[in-house]
Amino acid sequence: MRLYPLLPIAIMIIAGIVMGDAAGQKVMTLQWGIAFAAVTVIVLLTMRWKRMQSLLILLSALLLGATVIGISNDKGRVVFPKGEMMYEGVLMSSPVEHGKVVRFDMLMTKGEATGSLVKVALLRDTIQNLYKRLAVGDGIVAESEVTSPVNYPGATFDYATWLRRHGYRGQTFIYYRNWKKTAADLSGISRLQRTRLTFLRLRDRLVRTLIQDSVGQDVAVMAAMTLGDKSLLNADTKDDFSITGASHVLALSGLHLGIIFSLLTFIMPRRKWKMLTQLTIIMSIWAYALLVGLSPSVVRSAVMLTVYGMVSLLGRNKVSLNTLAFTAIIMLIVNPQNIFDTGFQMSFSAVAAILILYKPVYNLINEKWLFCHKLIRWLWQMFCVSLAAQMGTMPLIAYYFGRVSCYGMFANFIVIPLATIVLYATLLILLSSPVKSLAALLTALTGFLVSCMNAFLSWMASLPGVCIDGLSPSKLQVVLSYIVIGAVMIALVRLTRLLKTS
């Protein structure tokens with residue numbers, strides 16, 4: 001607790017969220033809140049007894065977690081009128097065809113549940129194809145029955161809980177005759193929702209600029225890597241990235257924001273106007289996070305880069321477990337449902353593993369020898385980061401996806417450098433879009449790089465033993481796996497100390 005005082009607080013908040021969610025409506029949110037307030041007052045009255053105060057602070061964090069998840073669950077319980085009703089809404093995602101229906105997210109802008117996010121399935125009309133005119137930011141007037149999230153009969157996946165965890169308040173099926181396009185009235189929704197919609201519209205325009213006349217998988221990968229739009233990816237491409245352990249390249253996270261942060265740091269003045277430079281970089285990072293949809297992994301990276309940028313002004317350029325814990329605390333208090341998000345869990349597990357495991361593994365080779373061989377040092381750094389991240393996420397990947405990649409660390413040696421180049425090049429394409437000839441040339445060159453990366457991953461996916469499928473570990477086995485990883489970490493630290501002393 002002395003080295004990383006925020007880490008146990010973050011752990012207790014997580015435990016409180018899980019406890020409060022498991023208790024459900026058996027314990028009212030008001031009761032959790034009263035208990036939290038009472039313990040907090042006692043903390044302030046026990047200044048003289050440090051150990052007791054420390055224990056009470058942890059208890060207060062536990063009750064805070066239970067309180068915030070109770071508030072979040074109460075807000076998520078929206079009662080919709082029975083039967084069909086008229087309402088207006090605005091599209092928050094691009095329509096995607098699934099068989100006979102078109103699916104998209106809709107934010108209700110008028111009606112009894114204004115401000116509620118609804119998952120929509122719209123029956124396609126095969127004559128006029130009016131649904132093809134819909135885009136992000138368009139308004140619609142519709143008549144249908146909106147219900148709270150429910151599971152499909154016979155489904156093994158708890159889809160209703162997944163919807164509620166991700167902010168959806170309801171779902172509906174709209175018959176093709178029961179809707180029409182209209183001007184979106186945004187007066188009833190919050191300023192934050194309007195801001196987010198503005199950025200989503202911009203992303204949709206950028207995706208259309210990137211696509212132009214081509215909808216191949218090269219362009220689809222570019223759109224996913226830079227703008228977070230995976231709607232154009234087909235099943236084979238997703239499978240190749242998943243089997244080879246390169247899915248993290250498609251999922252926007254710290255890798256992508258770190259690349260952009262480095263680019264902005266490089267091109268902007270660092271000595272003069274240091275405060276203004278850092279503020280501009282931080283605002284740019286958050287603008288990009290809004291542009292790509294504010295997924296938990298992107299928000300985690302944006303918060304950490306914000307903290308890093310601010311502390312660098314004080315001459316401290318170190319990211320520690322305290323920074324990671326502070327980020328988790330902020331995100332969980334704002335939205336406690338994040339703890340149940342797979343991307344949130346994997347993002348924090350990967351970063352925590354890198355912060356803990358990277359240095360012990362890196363120090364297994366003499367540092368003086370590494371500095372004499374720059375290429376080997378770079379390769380060894382890449383290997384250490386990949387190994388640490390894979391150890392941190394492997395139990396979760398096995399639990400959620402039933403698959404573990406065996407070649408993921410080696411794929412990163414090719415994929416990450418190519419992904420960095422593709423990200424920079426795609427940004428140049430978007431910036432140069434007014435000059436069509438230049439944009440076309442850059443698109444062709446970038447598309448060639450992406451096709452090379454796709455071909456490499458497709459070849460790797462065909463190799464024998466590329467992954468282990470059919471895994472179904474229990475939650476207890478996942479916990480035990482992390483205990484084993486912790487034991488390996490302790491052994492590595494002790495081994496490193498022995499090597500230094502010998």
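Is Asn129 buried, partly exposed or exposed, and what is its relative accessible area? I began my notes with this residue, and I keep in mind throughout that the model is predicted. Asn129 comes out as partly exposed, with a relative accessible area of 24%. I placed Asn129 in the loop between strand 4 (117-123) and strand 5 (139-144), and I noted that its phi is positive, about 55 degrees, although Asn129 is not a glycine. Most residues other than glycine have a negative phi.

**Another positive phi**

I then turned to Leu294, a residue other than glycine whose phi is positive and near 55 degrees. Leu294 sits in the loop between helix 10 (274-291) and helix 11 (296-312), and with a relative accessible area of 27% Leu294 is partly exposed.

**Helix 1**

For helix 1 (residues 6-23) I checked the length, and I found that its 18 residues should span 26 Å at 1.5 Å a residue, which agrees with the 26 Å between its end C-alpha atoms. I listed its buried residues as Pro8, Ala10, Ile13, Gly16, Ile17, Gly20 and Ala23. An α-helix has 3.6 residues a turn, so residues three or four places apart point the same way. I also asked what covers the buried residues of helix 1, and the cover includes helix 2 (29-45), helix 3 (50-76) and helix 12 (321-334). Just after helix 1, I came upon Gly24, which takes a positive phi of about 60 degrees.

I looked up Ser60, whose place is in helix 3, and I recorded it as buried because its relative accessibility is 9%, which is under the 20% cut-off. Once I leave aside the neighbours within four places in sequence, Ser60 is in contact with Phe36, Val39 and Thr40.

Ala113 lies in the loop between strand 3 and strand 4, and I noted that Ala113 is buried, with a relative accessible area of 7%. Not counting residues up to four places away in sequence, Ala113 touches Val78, Phe80 and Met108. I also took the separation of Ala113 from Val146, which is 33 residues apart from Ala113 along the chain, and their C-alpha atoms are separated by 9.8 Å.

**Helix 6 against helix 17**

At what angle do helix 6 and helix 17 pack? I read an angle of about 95 degrees between helix 6 (residues 217-227) and helix 17 (residues 436-461), with their axes 9 Å apart. Helix 6 and helix 17 are therefore roughly perpendicular to each other, since an angle from 65 to 115 degrees counts as such. On the helix 6 side I wrote down Gln217, Asp218, Val221, Met222 and Met225, which meet Thr446, Gly447, Val450, Ser451, Met453 and Asn454 in helix 17. Sorted by class, this contact has 5 nonpolar, 5 polar and 1 charged residues.

**Salt bridges**

Side chains of opposite charge can pair when their charged atoms come close. How many salt bridges does the model hold? With nitrogen to oxygen within 4 Å as the cut-off, I have a count of 8 salt bridges, and I followed up several of them.

Arg77 forms a salt bridge with Asp74, and their closest N and O atoms are 2.6 Å apart. I noted that Arg77 is partly exposed, with a relative accessible area of 41%, and that Asp74 also counts as partly exposed, at 39% relative accessibility.

Asp185 forms a salt bridge with Lys110, with the closest N and O atoms 3.4 Å apart. This pair links distant parts of the chain, 75 residues apart, for Asp185 is in the loop between strand 8 (179-182) and helix 5 (191-211), while Lys110 is in strand 3 (residues 101-110). I have Asp185 as partly exposed at 25% relative accessibility, and Lys110 as partly exposed at 39%.

The side chains of Arg403 and Asp239 meet in a salt bridge at 3.3 Å, N to O. Here too the pair links distant parts of the chain, with Arg403 in strand 9 (residues 403-405) and Asp239 in helix 7 (residues 235-243), 164 residues apart. Arg403 counts as buried at 17% relative accessibility, whereas Asp239 is partly exposed, with a relative accessible area of 34%.

Conventions
Residues numbered from 1 in each chain as written. Predicted model: local features only at pLDDT ≥ 70, side-chain atom pairs only at ≥ 80, totals over all residues. Heavy atoms only, no water. Buried < 20%, exposed > 50% of the residue type's maximum accessible area, 1.4 Å probe, protein only. Helix = DSSP H or I, 4+ residues; strand = E, 2+ residues; numbered from the N terminus. Axes fitted to C-alpha atoms, helices over the stretch in contact; angles between N-to-C directions. Parallel < 35°, antiparallel > 145°, perpendicular 65-115°, else oblique. Contact = heavy atoms within 4.5 Å. Nonpolar A, V, L, I, M, F, W, Y, C, P; charged D, E, K, R; others polar. Expected span 1.5 Å × (residues − 1).
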